[in-house]
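Hi,

Here is the structure I promised to pass on. Have a look at it first, and then read my notes below.

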Amino acid sequence: MISRPAIDLHTHSTASDGTLSPAELVRAAADAGLDVVAITDHDTTAGWDAAVRALPPGLTLIRGAEISCRWHGVEPAIPLHLLAYLFDPDHPEFVAELARVRLAREVRGERIVELLRADGVDISWPEIMAAAGGGTVGRPHIAAALIRAGLVATTTEAFGADWLGERYRLPKEDVDVFRAVELIRAAGGVPVFAHPRATRRGRIVPDELIVELAAAGLAGLEADHEDHSPAEAAHVRALAAELGLLVTGSSDFHGTHKTVRLGAHTTAPEAYERIVAAASGVTGVASG
């Protein structure tokens, strides 16, 4: 009996808020027994080249990004994430939009640190930026600073209501979700809605929006994910089947920022093949 390949299409490195470098990430993916892994850092392609250079034999790398989006159909608008696979990293409009979002993340992060410092919390924005090592800065980097300062024990605690989850939470600028689908497709990429039913993360969008996004070019839905209950994953699968969308499963691995392991959830080869066939930006990279 031929074994099916193990495919994990959602992971993060130090190019955004993961704890493994891109090189360490692909080596860990190979060690975990994966055949295909996607690097999908937040709003950046900064980890692509290093991941390609370090690619171990037998592993295929899918280059992508997780795009910070927002749906403005309700007030306040609902944040959500799209996974963009195999897009052209030099597409001018998409590059400009991602740069805008990264800058907005940086501005928000510095403002959050200013609020914390005003309340006597002794953490340093330059130190946080240095620890990020040039990666896209987000709240997990501030959480790590709070841990280093001994103020919280875990990232989960840092994201609680007393800290970054509410008291020191500020809105960030994101890409309108319909604009994001348009840009990903224009760049030859394939857009998949990340963890669309994860109520434990907060508000979710209605199915009606996903119907509209499918008509606008959305290719798939991420169903098997650590933040989906079995019922939520089943709902996503049923909706995808109704709309003719592909279904993915992924770990959303962040290293020590989360307890989930590489390959904890995987994507069927048939869905992976649909993504590869639909892309015209860049190809997957295989190491011999």
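How many residue pairs are in polar contact across the interface of domain 1 and domain 2? The rule finds 5, with both partners at pLDDT 80 or more. Bear in mind that this is a predicted model.

By class, the face of domain 1 that touches domain 2 is made up of 6 polar, 3 charged and 2 nonpolar residues. As for salt bridges, the count between the two domains is 1.

Domain 1 comes in two pieces, 7-89 and 174-287, while domain 2 covers 100-168. Taken over C-alpha atoms, the centres of the two domains are 25 Å apart. At the interface, 11 residues of domain 1 are in contact with 11 residues of domain 2.

Of the area that domain 1 buries against domain 2, 46% is supplied by Asp17, Asp43 and His257, more than by any other three residues.

Asp43 sits in the loop between strand S2 (36-42) and helix H2 (48-53). Its phi is positive, about 60 degrees, although Asp43 is not a glycine. For context, most residues other than glycine have a negative phi, and most peptide bonds are trans.

Pro76 is in the loop that runs between strand S3 (60-71) and strand S4 (78-85).

Last, the annotation. An unreviewed UniProt entry places the feature "domain: Polymerase/histidinol phosphatase N-terminal" at residues 7-71. In the model that span is 37% strand and 25% helix, and its end C-alpha atoms lie 29 Å apart.

Cheers

Technical notes:
Residues are numbered from 1 along each chain as its sequence is written. This is a predicted model: local features need pLDDT of at least 70, side-chain atom pairs count only at pLDDT 80 or more; totals for chains, interfaces and linings use all residues. Side-chain values use heavy atoms; hydrogens and water are left out. Domain bounds come from an automatic or database domain assignment. Contact means heavy atoms within 4.5 Å. Buried area is the accessible area (1.4 Å probe) that two parts lose on being put together, summed over both. A salt bridge is a side-chain nitrogen of Lys or Arg within 4 Å of a carboxyl oxygen of Asp or Glu. A polar contact is a pair of N or O atoms within 3.5 Å; within protein, one must be able to donate a hydrogen and the other to accept it, and residues adjacent in sequence count only if both atoms are side-chain atoms. Ala, Val, Leu, Ile, Met, Phe, Trp, Tyr, Cys and Pro count as nonpolar, Asp, Glu, Lys and Arg as charged, and the others, Gly among them, as polar. UniProt positions are given in the numbering used here, feature names are shortened, and annotations may be inferred rather than shown by experiment. Helices (H or I, at least four residues) and strands (E, at least two) are DSSP runs, numbered from the N terminus.
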